[in-house]
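Subject: Structure handover

Hello,

Here is the structure I said I would pass on. My notes follow below it.

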Amino acid sequence: MDPARRHDLSGERVLVVGGALTGISVCRFLARRGSRVTLTDLSNLAGKESELSALAGLGVNLVIGGHRDRDFLDADLIVVSPGVPLFIESLVKAKQAGVTIIGDVELASWYLKAPILAVTGTNGKTTTTALLGEMLDACNLSVAVGGNIGEPLVDLVEGSENLDCVVAELSSFQLEAIDTFRPHVAVLLNITPDHLDRYPGFEEYVLSKMRIFENQTGEDYAVLNADDLEVTARTERIRPKRVCFSGQKALDEGVIWDDGRIVCRMEGASYSYNPEGSALTGVHNRENIMAAVAAAAVMGCAGEAVDRAIHSFRPAAHRLELVGEANGVRYFDDSKATNVGATLRSIESFDGGVHLIMGGVDKGGSYGPLVEAVKRRVTALYLMGEAADRIEKELGGAAKVVRVADMADAVRRASDAASRGDVVLLAPACSSFDMYDNYKERGKHFALLAAERMKER
């Protein structure tokens with residue numbers, strides 16, 4: 001597509017692939033700008049009848065229950081929803097035919113009138129994005145937060161000329177479909193194997209993450225985890241100004257962990273924050289806070305307002321969330337730990353006595369990185385779901401293994417075995433789709449079962 005026409009899609013034939021929340025927002029956005037929009041989805045989008053009716057009222061053509069190659073080949077532009085792989089046959093044919101294919105993030109970036117602060121990484125994206133938004137708001141900046149968290153970015157376009165910045169959580173799926181997208185600040189939290197059920201291998205997954213820096217220049221900033229070997233190795237030659245954070249190293253410039261405090265040194269100024277008493281617990285949340293502090297500092301936001309935001313912030317549910325305590329046993333819901341890296345950070349948040357509930361749908365990576373942490377901190381593993389056999393094979397020598405039928409069985413047996421000072425932790429390292437619709441449903445069920453067991457203790 002001619003770059004000069006990108007901001008004027010009136011009359012253009014645009015195909016939107018995928019009818020989930022983002023796809024519906026994109027259809028609405030384009031239809032209101034005069035595009036000739038077709039929405040296609042392999043499913044019948046059951047339960048979305050009212051949204052589909054509203055789109056039809058805007059003139060959107062609905063092709064649901066299957067894809068038609070001609071819709072892809074006749075399009076001037078295709079916008080792919082994050083959940084749709086770029087390698088499906090119809091998209092491959094369209095690309096070969098020269099059709100421009102982008103994602104919702106790229107589309108939104110053509111129209112947003114405020115600088116974008118983009119946050120990605122395997123783990124911690126949502127917490128860091130939300131915390132950064134609250135820090136900037138506390139500093140009286142006008143900010144909107146969206147992307148993979150909350151509202152799709154296209155829904156933030158209207159009124160963006162009045163914003164100081166937009167903070168966006170971005171997944172690898174969203175980044176793989178960018179073209180000219182250029183964030184002013186790009187935050188890379190960490191990189192560990194994930195989504196290997198979608199990507200051919202780890203390298204392809206990493207490359208999708210690295211695209212966040214692709215269009216940045218020397219006028220932009222990259223906030224980087226100096227403790228993550230994959231991050232440091234992959235960012236040696238990027239163009240933006242580097243701002244590093246570390247919980248292990250002494251940095252002359254950047255954000256560090258120093259004897260229980262977070263210290264930010266940047267451009268001759270120094271600020272110190274004490275996160276004790278905040279709701280953000282665990283090693284991984286320490287990294288999330290440091291990353292948010294660094295990105296906020298780039299935007300001129302520091303001092304007392306940032307400290308207030310750290311202590312008033314409440315993380316989203318199912319992210320190492322304390323759901324209750326009875327007779328000295330604490331129950332933590334980390335259902336969002338859907339990969340090995342997240343589960344490792346979850347385990348490392350406790351000194352020992354962990355009764356760890358794991359399992360679900362295997363995502364293709366190795367469980368080997370958990371072995372040492374399991375040996376040191378986990379009393380017993382309670383394994384369920386499709387991945388249980390593989391987890392036991394790789395971790396069975398590191399701790400006692402208890403095979404369970406389902407979540408109720410896992411919570412009951414872990415609770416019965418736990419002693420005062422122990423922790424019952426749901427950190428599955430797997431997707432939830434063999435037993436639940438999503439990680440939220442899984443976490444809610446765990447919390448409900450935990451509440452029942454706590455009444456009995």
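Please keep in mind that this is a predicted model.

Cavities

To begin with the second largest cavity, its lining residues divide into three nonpolar, four polar and two charged. The residues that line this cavity are G359, G360, M384, S431, S432, D434, M435, Y436 and R442. Its volume is about 40 Å³.

The largest cavity has a volume of about 70 Å³. Its lining is made up of 12 residues, and those nearest the centre are P193, N339, V340, K363 and G365. By class, the lining of the largest cavity holds five nonpolar, four polar and three charged residues. With a threshold of 30 Å³ or more, the count is two cavities.

Helix pair

Two packed helices are described by the angle between their axes and the distance between the axes. For helix α6 (residues 125-138) and helix α10 (residues 283-298), the axes come within 9 Å and cross at roughly 40°. Angles under 35 degrees would count as roughly parallel and 65 to 115 as roughly perpendicular, so α6 and α10 are oblique to each other. Their crossing is right-handed.

On the α6 side, the contact is made by T127, T128, L131, L132, M135 and L136. These meet N285, N288, I289, A291, A292, V293, A295 and A296 in α10. The contact of α6 with α10 has 10 nonpolar and four polar residues, and no charged ones.

Regards

Key: Residues are numbered from 1 along each chain as its sequence is written. This is a predicted model: local features need pLDDT of at least 70, side-chain atom pairs count only at pLDDT 80 or more; totals for chains, interfaces and linings use all residues. Side-chain values use heavy atoms; hydrogens and water are left out. Axes are lines fitted to C-alpha atoms, for helices over the stretch in contact, and angles run from 0 to 180 degrees between N-to-C directions. Helices (H or I, at least four residues) and strands (E, at least two) are DSSP runs, numbered from the N terminus. Angles under 35 degrees count as roughly parallel, over 145 as roughly antiparallel, 65 to 115 as roughly perpendicular and the rest as oblique. A crossing is left-handed if the near helix is turned anticlockwise from the far one by less than a right angle, and right-handed if clockwise. Contact means heavy atoms within 4.5 Å. Ala, Val, Leu, Ile, Met, Phe, Trp, Tyr, Cys and Pro count as nonpolar, Asp, Glu, Lys and Arg as charged, and the others, Gly among them, as polar. On a 1 Å grid over the protein atoms alone, a cavity is a set of points where a 1.4 Å probe fits but cannot get out, and a pocket is an open set with protein on both sides within 12 Å along at least five of seven lines; lining residues have an atom within 4 Å of a point. Grid points are joined across faces, edges and corners, and a volume is the space filled by probe spheres set on the points.
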